[in-house]
Amino acid sequence: MAKRSRGRDSWAYRRMEISRRLCDVAGDLSLRELGAATGANHETIRRYLDSGNPSVEFLRNFSTHFGVSADWVLGLSERGGPRGKPKAAPAPRGKRPGRKP
């Protein structure tokens, strides 16, 4: 029986790296703000960040919004990472920016 790789090529390591990259790019945005920016539910985003296994649609929206390469997020390329400050998420509908609920 073949041994499972526990190094940088293991699936567990890759998922952890994807999760780290998503969190690094998202910065201090709340899950709700990230949801507003990507069109995904905040609980779904929490699962993506915990598991490092985002959907293709979320990855596309996330990469487009933050200006990073999906290949970079997935660890397939070292090019296309974040440049500068991420964009602010749009204010939730019906709420004014800067006000607490």
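## A first look at an all-helix chain

Start with how the chain folds back on itself: among contacts with a separation of 6 or more, 46% join residues 24 or more positions apart. Keep in mind that this is a predicted model.

What is the chain built from? The chain has 101 residues, and 28% of them count as buried. Its accessible surface is about 7600 Å², with carbon and sulfur atoms making up 50% of that.

| Helix | Residues | Residues in the contact |
|---|---|---|
| Helix 1 | residues 11-26 | Leu22, Val25 and Ala26 |
| Helix 4 | residues 56-66 | Phe58, Phe62 and Phe66 |

The contact between these two helices is made of 6 nonpolar residues, with no polar and no charged ones. Their axes come within 11 Å and cross at roughly 35°, and the crossing is left-handed.

Some of those names come back in the largest nonpolar core. That core has 15 residues, and the ones touching the most other members are Leu22, Val25, Leu34, Phe58, Phe62, Val68 and Val73. Which helices supply at least two residues each? They are helix 1, helix 3 (42-51), helix 4 and helix 5 (70-73).

Conventions:
Residues are numbered from 1 along each chain as its sequence is written. This is a predicted model: local features need pLDDT of at least 70, side-chain atom pairs count only at pLDDT 80 or more; totals for chains, interfaces and linings use all residues. Side-chain values use heavy atoms; hydrogens and water are left out. Axes are lines fitted to C-alpha atoms, for helices over the stretch in contact, and angles run from 0 to 180 degrees between N-to-C directions. Helices (H or I, at least four residues) and strands (E, at least two) are DSSP runs, numbered from the N terminus. A crossing is left-handed if the near helix is turned anticlockwise from the far one by less than a right angle, and right-handed if clockwise. Contact means heavy atoms within 4.5 Å. Ala, Val, Leu, Ile, Met, Phe, Trp, Tyr, Cys and Pro count as nonpolar, Asp, Glu, Lys and Arg as charged, and the others, Gly among them, as polar. Buried means under 20% relative accessible area, exposed over 50%, partly exposed in between (1.4 Å probe, protein chains only). Accessible areas come from the Shrake-Rupley method with a 1.4 Å probe; for residues, only the protein chains shown count as cover. A nonpolar core is a set of buried Ala, Val, Leu, Ile, Met, Phe, Trp, Tyr and Cys residues joined through side-chain atoms within 4.5 Å.
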